[in-house]
Amino acid sequence: MIVNGSIRAMSLKPVSATPPSETPPILRAAGPVKAPRAQTASATPTFPFSAIVGQDEMRRALLIAAVDPSVGGVLVFGDRGTGKSTAIRGLAALLPPMAAVVGCPYACDPGRPAEHCHRCREQAVLRAESVPVPVVDLPLGATEDRVVGALDLERALTRGEKAFEPGLLARANRGFLYIDEVNLLEDHLVDLLLDVAASGVNTVEREGLSIRHPARFVLVGSGNPEEGELRPQLLDRFGLAVEVSTPTDLPTRIDVVRRRDAYERDPAAFCAGYAKADRAIRKALTAARARLPALAVPDATLEAAARLCLALGTDGLRGELTLMRTARALAAFEGAETVGLDHLARIAPSALRHRLRRNPLDESGSTARVARAVEDILGQ
Amino acid sequence: MSPAWAVALRVAHLVARDPHACGGVLVRAGAGPVRDLWLDRLAGELAPARPVRRMPAGIADDRLLGGLDLAATLAAGRPVAQSGLLADADGGLVVVPMAERLSPGTAARLAAALDAGEVRAERDGLAARTRTRIGLILLDEGEGDDAAVPEALADRLAFRLDLTGLAWGDTQGAATEGEPEPDDPDLEPDAAVADLCAVAAALGIASLRAPLLALRIARLLAGHKALRARDVREAACLVLAPRATRLPSSPEDAEAAPADRPESPASDGTESSDQGLEPGAESLVEAARAAIPPDLLARLGAAGAAPSSPKAGRVGAVMQAPRSGRPAGTRPGSPRTGRLSLLPTLRAAAPWQRLRSGAEGAPRLIQVRSDDFRITRFRQRSETTTIFAVDASGSAALERLAEAKGAVELLLAEAYVRRDKVALVAFRGTGAEIVLAPTRALARARRGLSALPGGGGTPLASGLDAAGTLARAVRRGGGTPVVVVLTDGRANVARSGAPGRVAAGAEALNAAGLLRADAIRTILIDTAARPQETARRLAEAMGARYVPLPYADAAAMSTAIRSAR
């Protein structure tokens, strides 16, 4: 059995001798920890966020999550080829940079000592630098050790040191964790994510290591419902759920194809054309974040949110809390003076549609049920 | 040489020129000399620097995406990565046999590699990004109602070929030269985009990737020169025509076009756009129409809209860690909670050997610690329970109850062989009863069936409700329910037990809708002497496959039910 296995392994070429390709594979063997970076190493720039045609609900949900990360993530479900991944990668390129402790593997915020990791707590003086907001991909087929972090192989083997190699969750701290095809994620990884997303702390107890580190991130998932449903527990972790569909009117479709084609032919020139629009969104984001803490939610809005959740029979308080937070973030992004009923009405479908219990006597979809409740209660 | 073969060779030529830009080809063909010849020709067209790799069925992630190389790691005393099959095929093609059996997970990994042009692996303590500009050749050997190639993946490939109808003789001889096309004017890229989108809309293609791929192919055809109308036309024929879901309405029957396409909200937009087609787009539509394979639409009609099967959701929650079934990878864990997987355990222990032996001085033994233990994860194919909902009312008894019983008995025998479970729900008079709870006892099922009395009214809604309740219970238990309804569709008793044709019919449709909402697989067998419109409507409402019994003997019926599983 062992012989068999090693023959199989040896007949495969190691990376160092891969067949001719212009660029050698980029290999980052688990080395000493570097500050987390957004992974935009590829030469071609990402498709600009502002160049996405239509899909207003999805774009709004992503921007709300960027304004207020505490809303708890965005789930994008929909048809094939509707630009789900494109939008999320576009958002990553657009986010304003954040201040982080130099050399900290978790990119701790120097201004918030309460959330610091064990390393930053021990240091007396912390230097800060400006880094891009991390947007970390969780690729399918990732193994548990790379997600939560594990013993650093290289250092252990060559120097006999017991060092922790942070995983994807560490890199995603204070940023976004993006899972494409979230419904295909392995069950044991889902369990891990549920726990970390709920507590904001990643606890590692393996290979003789015992480490806790902050892992607060906005979970962004995308997927196609035809390929499998999501477990209700994971569904509930997402603050907003949006459904996207392929545009059906011809001019919009032509516009989408035209832009995509222009981007593929000359990415740099195409992105330059949208740089100004992207900058405007970034400015609006920064302004909205500054406005958010001062924006109070009037009692009337709170009461309407409560009535809405009551009418729809959503479980627990999470629905109301998300509804209130997302409406506030939307109001902040739009520069409104106060959080009004129309903010509530516009965000309610995204915030509530995935929290409804399936009613066996009501065949209409959850989106329609939310819309009906909004009409009944808010009169909009 | 037949025209279809000429098209196949043309496609091979194009894919060989730039596999990654094309995405690849979905080839529908059984294994045979014609397919082999096509693959040979394709390999012959490829430049020598472009590799071709064949992907074995059920490939594991470490080979597909890359991971830790056990032998090299042991030899070097430090972690050594090995690249996966996808990365090895960079610049060339990956051939996927039996693509209709691809799991959604593998399909998603392939799709991600196609999209990004690179493979990202976060595995075994290594993080790697490898350039992977590949094209895929998906060999679809599915027959009839077999599972289809994952649409998410097929959507990303430019070409679809159907070689099933081709005989060896078709591949011989020289190509018949078409009429030399007149030199036509250059096209503005914007006009080409608009034309291709219009054609896609006219053919009922919802995905936006299709026109985009067509545009890419047109560019590939044009080379470095400007786009010509001829390139766009050929691209439309090669890329868009095989994806058609409906025939474009020709000018004369544009008004008579059926407006009842409830499943596509696109109909309004596209119907109106048909009227206002640009002259250029119209000729393109005509060209594409001519290139639509003749049996394509018939096949589409036959495939129907299968309800989405609920896989990962509730079923997965119940059967989280089955102890038996097909192995599906490994994970860290204790042998107490699962079956130890020896090889992955050794693989996990391998990198540490030098370190551990250095510390404890026992060089010859392999040292395995509890952290190294890997246990096998299993995936269990959930068990099928076929629920028969039999209409035993007077009208049905009069006509075909005996025949229906015969068909059910045939299915029982088959279920017995497959170790499936069966259940029997009968409805007559004022309500429904579960004659037989899910069981494997064939004899009991047969007794219950033959003792089934007929007569009375048709409480169809109650029958469907009872079958639905049973199906949901089966699903909660981790099984896969299939509901087979045998009825003539003429409901005349309401849920309350009150007679009345109108109310009973409405309630039956409502009950059917509930079955559909829960994505329960259903088949409706129309037992009436002549196919009934009501039964057909009912089948539509529950998303069922409709089988009229007058045309089906017991054997045909059992084939239909088997294919729905």
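Two residues are in contact if their C-beta atoms, placed from the backbone, lie within 7 Å. In chain B of this predicted model, residues 24 or more positions apart account for 77% of the contacts with a separation of 6 or more. Of its 565 residues, 48% count as buried, a residue being buried if 20 or more other C-beta atoms lie within 10 Å of its own.

Chain B holds 24 helices and 17 strands, where helices (H or I, at least four residues) and strands (E, at least two) are DSSP runs numbered from the N terminus.

## Confidence

The complex receives an ipTM of 0.75 and a pTM of 0.68 from the predictor. The pLDDT, the predictor's confidence in each residue from 0 to 100, averages 76 in chain B, with 77% of the residues at least 70. Confidence in chain B is lowest in helix 15 (residues 314-318), at a mean of 32, and highest in strand 5 (residues 93-96), at 92. Over residues 299-321 of chain B the pLDDT is below 50, and this stretch has 38 contacts in the model beyond near neighbours in sequence.

## A helix pair in chain A

Helix 13 (residues 318-333) and helix 14 (residues 341-352) of chain A pack at an angle of about 130°, with their axes 9 Å apart; axes are lines fitted to C-alpha atoms over the stretch in contact, and angles run from 0 to 180 degrees between N-to-C directions. The contact includes A:Leu323 of helix 13 and A:Ile347 of helix 14.

## Conventions

Residues are numbered from 1 along each chain as its sequence is written, and chains are lettered from A and ligands numbered from 1 in the order in which they are written. Local features need pLDDT of at least 70 and side-chain atom pairs count only at pLDDT 80 or more, while totals for chains, interfaces and linings use all residues.

How values were computed: Buried ≥ 20, exposed ≤ 12 C-beta atoms within 10 Å, placed from the backbone.
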